[in-house]
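Subject: Structure for you to look at

Hello,

Here is the structure I said I would pass on. My notes on what was found follow below it.

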Amino acid sequence: MTVNLFKESSAAARALGAELRGILAELDPASGRPLLDRLSIEVHPTPLLVFTGYHSSGKSTLIEALTNRVFNVPIGSGVTTDDVIEYDWDGDVRLVDTPGVHAGRPHHDERAEQALQAADLVLFATPVELFDDTLVDHLRDVLGRLGKARQTLIVITKAGTMPSVPGVRAQAIKDALGPFDGVAWVACDAQYYLDGLEMAETAPAESAAFVEASGMAKVADLINNFAGEQGEMGRLSQPLQLLLAISMEAAASLTDDPNEQAALFVLARQRSALSKKRILLDDLLRGRAAQFRTDAVRVATLLVDSIERDEQGGVLSEAELDGHLDTLNEGLDVALERFEAAVRRVLEVQFEDLASEVLEIEASPYGRVAVQLGDVASASFDGRDIDVKPGSTPVQSPPTWAGDLTKYLKHFNKFWGASDGVKAAAGSNGHKIVLKVGHAFGKKFKPWEAVKTANTIGKFAKVGGAAVAVGMEAYGVFAEERAAVKAEHARTARRRSISQEILSQADLIVADALRLVGDDLDEIFQPELERIDAVASVIHSARSVRSDLRGRLSSVQERASAALTAF
């Protein structure tokens, strides 16, 4: 059975068009709605021949000549065409004049692009000076990205104003086409033709000469033949080409968002700063705790040295022992106060340093982008629809997560005391932690189990002294030596016992202090890390959605290309 190209192409266009509409509806309205407005899958009843090229390349003059001045198309040396204008050419073809491209007017380029996407046939006008790099890029874009390679013809305009060596123009066009071939071309001078029309009544012979020299008959024949051979195919394939072009444009709008990169970079630096600071605080606090234990052992050593010194004069009295214990407690109180002050200082310095790092992150290039993005988002998140005027450049709306980022950044800077500079750290949550450190040091050595300390150390001290006294009184010289050895062992054991007793109490204080300070730090750091992860998760989710949309658009492109190849 013979394949009905019209039926097959229409069915493919309808199916892919419906799928593409669904995808475009999921895009940001600022980029999705203009594409939806341009998406049309209807076959044109009359072929559209769209003229494109630089301004002043002779497009309007060509139309005026082809239609024998029926429409009085504005012609001039400047930018004369500001919009897309259609002219009905005897009911057979619609000629579409477009603004000149790359004239420094972006809205002109947008309007020309939209007309070209809908074109069944394309007339690419190039001046007699031929191609520069920009015009070559535009030609290949029309042939390649817009898929018009089989529906384009090239017209060299104003050919009568500059003679040409045989083969030069053909080579120039071949070079400009690059990987594309089989594109028909012709040279003409439409102004010659219009001048000939002007002289038709007053100088018929000269008029005929000008008309003949213009080459417009060749242009008309080429268009007629081209429309006959390619017009029907162009009209059949135009909807698929439009689908392909719009899907590619939609995919381009889904490229990695630099705003996401900035936001994720800032979040990563913030998370790194908090994580490193939390680990560093633990290390520094453990270092201060080790110093406190060293001070406690030093004070214990001084106690034992004092007891042994007093024992040289006889048995240690209760009053002497109490005095040594008072000295011990005073020394331990000083060590504990030094520990508390060291912990406070560590926290103060580290939280001030963190506030400075927060400011540094915000002042980084990515940080400035993230902050500015948040400011724009907070000002524009009002729930209103976005109006996009046809032919105007759509204003890119902020990402959907920008509002959350704004709130988070403001919270983060205020929370860590960096919103108004480093001095603001005095009122930050970090500073409040410093104020709470005293709770961890509520138990001093003297009031904390003072009876236990005094009794235990007192027993150690008395046992040592009694052992020495008994040995001195009950035995002779030999016994005295044995008693001395026993007494030395007792003193060593006493020294060890006293040091261990004091150190065990110091360890309990250290454990309580670090646990309480650590709990307070966790109460602040952990929720902040979770907030960072939550905001980052939203951004990563947006990336994932965009990746899915890109995949679906790629599928539409592949099937549209396959359908075009089949036709």
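In this predicted model, the residues of β4 point two ways: Leu 121, Leu 123, Ala 125 and Pro 127 to one side, and Val 122, Phe 124 and Thr 126 to the other. Both groups are buried. In total, 7 of the 7 residues of β4 are buried, so the strand counts as mostly covered.

β4 belongs to an open sheet of 6 strands with mixed pairing, in the order β2-β3-β1-β4-β5-β6. The strands at the edges are β2 (85-89) and β6 (184-187); each has a single partner strand, so one side of each has no neighbour in the sheet. On average, neighbouring strands are turned by 25 degrees against each other, direction ignored.

What holds strands together in a sheet? Strands pair through backbone hydrogen bonds, in either a parallel or an antiparallel way.

The pairings around β4 are as follows. β1 and β4 are parallel and share 4 bridges, with Phe 51 opposite Leu 123 in β4. β4 and β5 are also parallel, joined by 6 bridges; here Ala 125 has Val 155 in β5 as its bridge partner. Between these two strands the chain passes through α5, and this β-α-β crossover is right-handed.

β5 (residues 152-157) runs parallel to β6 as well, with 4 bridges between them. Leu 153 is partnered by Ala 184 in β6. Helix α5 (residues 133-143) packs on the sheet and touches β1 (48-52), β4 (121-127) and β5. The direction of α5 makes about 170 degrees with that of β4.

Regards

Conventions. Residues are numbered from 1 along each chain as its sequence is written. This is a predicted model: local features need pLDDT of at least 70, side-chain atom pairs count only at pLDDT 80 or more; totals for chains, interfaces and linings use all residues. Side-chain values use heavy atoms; hydrogens and water are left out. Two strands pair if DSSP finds at least two bridges between them. Axes are lines fitted to C-alpha atoms, for helices over the stretch in contact, and angles run from 0 to 180 degrees between N-to-C directions. Contact means heavy atoms within 4.5 Å. Buried means under 20% relative accessible area, exposed over 50%, partly exposed in between (1.4 Å probe, protein chains only). A crossover is right-handed if, with the strands pointing away from the viewer, the path from the first strand over the helix to the second runs clockwise.
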